[in-house]
Amino acid sequence: MPPAGDHGEPAPVRGHAEARTEPADAPARGEAHPDPVDGPAPGPDDPGTHVPRQRARTSGKGAGRSRRRGADAAAPRAGETPDSARQSRTARAAARDGSSSSGGDGADPAGADARGRNGSARRTGGGRQGAAASRGAAGATGPAQGEDGDVPPPRPPDGGSGSGTGPAGAGRTATGASGGGERLRFVGAATRRIARGIDLDEIVLGLCRATVPTFADAILVYLRDPLPVGDERPVGPVVLRLRRTDRLPEHVRGDEAEAPREQPPDPGPELADAAAERCEVRIGGPLAEVLRGVRPVFGDSAAARAALPELLGEGRHVPERRRTILAPLRGRRRVIGAAVFIRRQDRAAFESDDLLVAAQLATHTALGVDKAVLYGREVYIADELQRTMLPDSLPQPTGVRLASRYLPAAETARVGGDWYDAIPLPGNRVALVVGDVMGHSMTSAAIMGQLRTTAQTLAGLDLPPQEVLHHLDEQAQRLGSDRMATCLYAVYDPVAHRIVIANAGHPPPVLLHRGGRAEVLRVPPGAPIGVGGVDFEAVELDAPAGATLLLYTDGLVESRIRDVWTGIEQLRERLIDTARLTGPNPPPLEPLCDEVLGMLGPGDRDDDIALLAARFEGIAPSDVAYWFLDPRPQTARQARRLARRALSRWGLEELSDGVELLVSEVITNAVRYAERPITLRLLRTDVLRCEVGDDVPQLPRLRQARPSDEGGRGLYLVNRLARRWGATRLSTGKVVWFELGLPAHTR
């Protein structure tokens, strides 16, 4: 019996072809690394990266013996005819083939026929066993082998099971050209299947489906928890968590008639169900050494026998001989996990070349996991960016109800340039904005964020809608020559029941009336933002109570199968059908938005979609009191008297003292600096709101008055007594307002 070599393989026998693999230098035992399982990156000859070079050596003695055999076989024996000589040479060649497959070293011609018969019998038995395994594989995979069924089994060249009666026979069978070709085809098909995955689960599933049952009967995939991303250094101990297992079902077996009746239980595939879910890698332990070594090892090697119990858990029985392979998963920078390939007892054991197959599968899987982790981080960043660019929640100002929806174009393009916004304005007004920046990239989202911020700032100045679009156009030109967007800006006044709309190349809004009639509003189309040198027009329209205004982006109405105006007409008909279901009452906003998005078909999601719905409720004229006051010293007394009368008419006499005090303080400050008439307005909604406007643009600031100061305490009183207060700059000056809660019996 020849002595055993590395990994348990027998040493080469002198006089025969010897396949030698030249491995790269492994890291020295005990070498210090920042991470206990991260060694140096594999070299060019590392099996985890490239298939190693193989050199065939034949000793002189063996070559001479082969030449003598060839000469003896070519010379005809005495008394033989040429035909009989050819038949004899054929028989002797068959005998030598049988002897070679049985593990002999070349014996006398008398025993060649016997060894040939024995070798043929062994090959026949292996063929039955391989056929049984093939039938089991076909029953287990079916469609699960992939869409194109491109994972062929690595069959040995002689059509057998891939192993002889001993390790030497298995080694020589695996070096055949046909077996190598089958392995290359299998590796190519398996790596293609792994590469098809784009997220972590798809990649791990691709590895499991490609290897079970073609390459192994069971597989366990362990990954780091948490997985490191990019260049970040893991903190804390290295923890491996069982990510996925796969195994050949119990009912999928080979030919039961040819199998022995009494078989010991096979613990190999059961490891997929009984393995530990979590493993903490010990620094300097056997598992850490195997993971640092990068190369796959057989389960019966000394390193694997010590590492597998640490990975799978104590007391787990590992199949004997070469029926287990432990393959580290090393990504671009560090080890990220491990894979365990297991075969049943009734199947041929793994061969030396199967380590190269496992190395290739592990390498492609690890690189795919790295790619999936980076892609997942990009998706997370894109989601967070889009979420921060859009409002977390919509305000609910008095006199209008709001609802919104946003849908990305696709899962692979989560970031887009569509946005919507609702901005409260003085006097219970609200600005409604919908825009669309060209493109579906981070750049588009960044441009969208800048334009949205600019629109909010301009809305705070209470500029007319056409002026807002004009300034947005200038801002887009400052951002770049190719920064273009469409935008629709509208301002709704619940007191006047009017809406002012300006458009910059955006699809027109649709108004759904209370009775169920839907109309497309006629607004000037305008040029997109970023064109420059174009004037924008605004139109003022009625906004009756109970009507619903829908603002949307072109992704809702335009696709590859329909143009914009066809989609707008379909949207109008959809709104009419939805309103018909609720009769005279307007449909609820949230279900209405869902119904609108329900008009999208499977091929209609070419662009992201932003939808903003506003239900006009308005404020009744009986709940509004409005006066113009001249800036005179007697104006404060006049304002107190007018406020007292309005509160008495609304039945809010108990608020008179507080309202008169606060109105007097705010009016006094306006009279001191104003040159034009002052406006005083009281609104009764769910709160009592008081607004005082003047022509001075400077906003008042709350400050702490000193004891010796004669003034400066008016806003301090407002801040202490009012429920809320604020000041807003207008194009014609400013408005100072405060709110007081209503008594419980009047709500």
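## Basis

The model is predicted: local features need pLDDT of at least 70, side-chain atom pairs count only at pLDDT 80 or more, and totals for chains, interfaces and linings use all residues. Residues are numbered from 1 along each chain as its sequence is written, and side-chain values use heavy atoms, leaving out hydrogens and water.

## Helix H12

H12 covers residues 465-479; helices (H or I, at least four residues) and strands (E, at least two) are DSSP runs numbered from the N terminus. At 1.5 Å a residue, its 15 residues should span 21 Å, and the end C-alpha atoms are 21 Å apart, which agrees. The expected span is 1.5 Å times one less than the number of residues.

Buried residues (under 20% relative accessible area, 1.4 Å probe, protein chains only) include Val 468, Leu 472 and Ala 476. The buried residues of H12 fall within an arc of 165 degrees seen down the axis, so they line one face of the helix; the arc is that of the directions from the helix axis to the C-beta atoms. They pack against helix H11 (442-460), strand E12 (485-493) and strand E13 (498-504).

## Contact of H11 with H12

Contact means heavy atoms within 4.5 Å. Among the residues that meet are Leu 451 and Leu 458 in H11, and Leu 472 and Leu 479 in H12. By class, this contact has 8 nonpolar, 4 polar and no charged residues.

## Contact of H15 with H16

In H15, Arg 640 and Arg 644 are among the residues meeting H16, whose own contact residues include Glu 660. This contact has 8 nonpolar, 4 polar and 3 charged residues; Ala, Val, Leu, Ile, Met, Phe, Trp, Tyr, Cys and Pro count as nonpolar, Asp, Glu, Lys and Arg as charged, and the others, Gly among them, as polar.

Technical notes:
Buried < 20%, exposed > 50% of the residue type's maximum accessible area, 1.4 Å probe, protein only.
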